[in-house]
Amino acid sequence: MSLPIIHTRYLFFTGKGGVGKTSLSCATGLALAEAGKKVLIVSTDPASNLDEVLGVELKQSPTAIPGVPGLFALNIDPEAAAQAYREGMVAPYRGILPAAAIQSMEEQFSGACTVEIAAFDAFSKLLGDPAATAGFDHVIFDTAPTGHTLRLLTLPSAWDKFISSSTGGASCLGPLAGLEKQKALYAAAVARLSSASETTIILVARADTASLREANRTRLELAELGIGKQMLVINGVFCSDTTGDAIADAMAARAAAAIAAMPAELAMLTQTRIPFLPRGTVGLDALRELAHPETVAAPHCTAMPQTALPPKLHGLIEDIAATGHGVIMTMGKGGVGKTTVAAAIAVALAKKGHQVVLSTTDPAAHTAATIDGALPGLVVTRIDPVQEVKQYTAEVLAKAGQQLDAAGRALLEEDLRSPCTEEIAVFRAFARTVDEGRNGFVVLDTAPTGHTILLLDAAEAYHREVMRTQGDMPDAVRQLLPRLRDPGYTRVLIVTLAEATPVHEAERLSADLARAGIQAHAWVINQSLLASGSRHPVLCQRGAYEVPFIRRVADTLARQTALIPWLAEAPVGVKGLEHLVGT
């Protein structure tokens, strides 16, 4: 078996988006269940695809997986959790407090921050309350991409400190009594996360430099939180017994070089390597192959199948450049290459003489590393939550604090110490960055799908929160949603891979955007092996697997499609990004 050997009751699979956390969580759960254990798999990802991988519609309570006795799964739905949390906080006061007071409470519980804390509330019950998962031998958490995961894991301490230091009785989440009742539960969750005898953190990475660098950063930050029981899984390692195929040789060499160069501390962790598999990991049969790759039959094809391929990225960039200004947003599931595509577009526009700002809202950003150098006309920035919170807090205190007495100012300072302040500050910075598209191009490498949708949906709640704490609304925020909905100002590029889960996730994203009044300008299919020119048998089989997904995007889902082949030259640095654009 190629999966990690597990001894603790609780397991967390975490890592950069797209490394295969969900597949490995499910394969591990399946293997444990087939060994006679009773297992619960839990997704804490707002953009979860646990249902698709396991082939069953999941709810917020354990659902039995057909055909696998002892295996259960559930999704923590952030929106549903927030609705239940809001009602739990407000319901006891209905019929007691005036209608205006009830309305005020509901508004206080309407922000994206409430969604975050409500999802964590559900997560804490599963981890901190033994009765919630009684009867299961193992509880496996398929966590969200790294930035969100680390925020999730640090919330217990953040909220515990906030509750302990708060004296005014109110926060941007409403009455603190609701949080105080959770204090013991959160403390139990923190203790369980830190217990080496109860919890194992499995860092999942791909065999590439950026992914392993992210895994090491996660290792360090988790260790600082007191979470030391960690293992490493390197997923999708491609090896080839033959040489002479440029793509296969490059894939194998790139993987070997990345593994050889990984940080020494990361290499010291207990490590498992899972080989590259030529087809997807959706469904129980595919998950069994992930656990037992030695059972996979060797492919014999030596040529890619024939199908009409969409044009490369060059034409799409030419169309965008002709408009002269605006915002380009790359969106999609974690790990599909949004950062690389955003960087390639920014470099191409700057090369054409345009002024370009390349920025990211992703907590796990790698934009600067992808550019790897300076280019005239291109400015690379990042919305840094720590800096934004500091600046936002100072501005609110300077403006609103002057009109308050000592008690009122103390209450405002207390409110601003809430973790909710980060959501507000980052959202304001996002709006400010979009505003820069009036005078040039702004290319936004956005966060993975779930976080992005929460960010966009926060507009109305943010409006109310700013009015409460600051008394006015910045023009950039007032204009944000109209700008995002204006196809002449904002062009959303949905980035995906030619695989089942990324395409289906992108379909859901497209539908969510449409409901918010935002239409996707184009789809970009990234890293296509079908278009790579390889003749290696394993890669040809993978190419054949891509065909129906490319056809679905190009023929049905997208108004305009661009396709980027898997390149032998890594798309890093200005030269590599120019090669990715193609002609």
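Reader: Which strand holds Gln527?
Author: Gln527 lies in strand E16, residues 520-528. The model is predicted.

Reader: Why is Gln527 called partly exposed?
Author: Gln527 has a relative accessible area of 38%. Buried needs under 20% and exposed needs over 50%. The value of 38% falls in between, so Gln527 is partly exposed.

Reader: What makes the phi of Gln527 worth a remark?
Author: The phi of Gln527 is near 55°, a positive value in a residue other than glycine. Most residues other than glycine have a negative phi.

Reader: How do you know that E16 and E17 pair?
Author: Pairing takes at least two bridges. E16 and E17 share four bridges, so they pair. Their sense is parallel. One of the bridges sets Ile525 against Leu563 in E17.

Reader: What is the order of the open sheet of seven strands?
Author: The order is E13-E12-E14-E11-E15-E16-E17, and the pairing is parallel. Strand E13 (378-380) and strand E17 (561-565) are the edge strands.

Reader: What makes E13 and E17 edge strands?
Author: Each pairs on one side only. From one strand to the next, the twist of this sheet averages 20°.

Reader: Which strands stand at the edges of the open sheet of eight strands?
Author: That sheet runs E3-E4-E2-E5-E1-E8-E9-E10, with mixed pairing. E3 and strand E10 (270-275) stand at its edges. Each has a single partner strand, so one side of each is left without a neighbour in the sheet.

Reader: What makes the pairing of E4 parallel on one side and antiparallel on the other?
Author: Strand E2 (residues 39-43) runs parallel to E4, and five bridges join them. Strand E3 (residues 63-64) pairs with E4 in the antiparallel sense. Ala73 in E4 takes part in both pairings: Ile41 stands opposite Ala73, and Thr63 has Ala73 as its bridge partner.

Reader: How do you know that two bridges are enough for E3 and E4 to pair?
Author: The cut-off is at least two bridges. E3 and E4 have two, so they meet it. They form a hairpin with six residues between them. Gly67, in the turn, has a positive phi of about 85°.

Reader: Why is strand E4 called mostly covered?
Author: Five of the five residues of E4, residues 71-75, are buried. Each is therefore under 20% relative accessible area. Both faces are covered. Leu71, Ala73 and Asn75 lie on one side, with Phe72 and Leu74 on the other. In a regular strand the side chains alternate between the two faces of the sheet.

Reader: How many bridges join strand E8 to strand E9?
Author: Six bridges join E8 (residues 199-206) to E9 (residues 230-237), and the two run parallel. Arg206 has Asn235 in E9 as its bridge partner. Helix H9 (residues 209-224) lies across strand E1 (10-14), E8 and E9. The angle between H9 and E8 is about 160°.

Reader: Which residues have the most contacts inside the largest nonpolar core?
Author: Phe430 and Ile494 do, in a core of 41 residues. Helix H18 (residues 420-435) gives the most to this core, with six residues. Another core, of 35 residues, lies apart from it; Ala343, Ala344, Ala562 and Leu580 are among its members.

Reader: What does Ile494 touch?
Author: Leaving out residues up to four places away in sequence, its contacts include Met331, Leu509, Leu513, Trp523 and Val524. Touching takes heavy atoms within 4.5 Å, so each of these residues meets that cut-off with Ile494.

Conventions
Residues are numbered from 1 along each chain as its sequence is written. This is a predicted model: local features need pLDDT of at least 70, side-chain atom pairs count only at pLDDT 80 or more; totals for chains, interfaces and linings use all residues. Side-chain values use heavy atoms; hydrogens and water are left out. Buried means under 20% relative accessible area, exposed over 50%, partly exposed in between (1.4 Å probe, protein chains only). A nonpolar core is a set of buried Ala, Val, Leu, Ile, Met, Phe, Trp, Tyr and Cys residues joined through side-chain atoms within 4.5 Å. Axes are lines fitted to C-alpha atoms, for helices over the stretch in contact, and angles run from 0 to 180 degrees between N-to-C directions.
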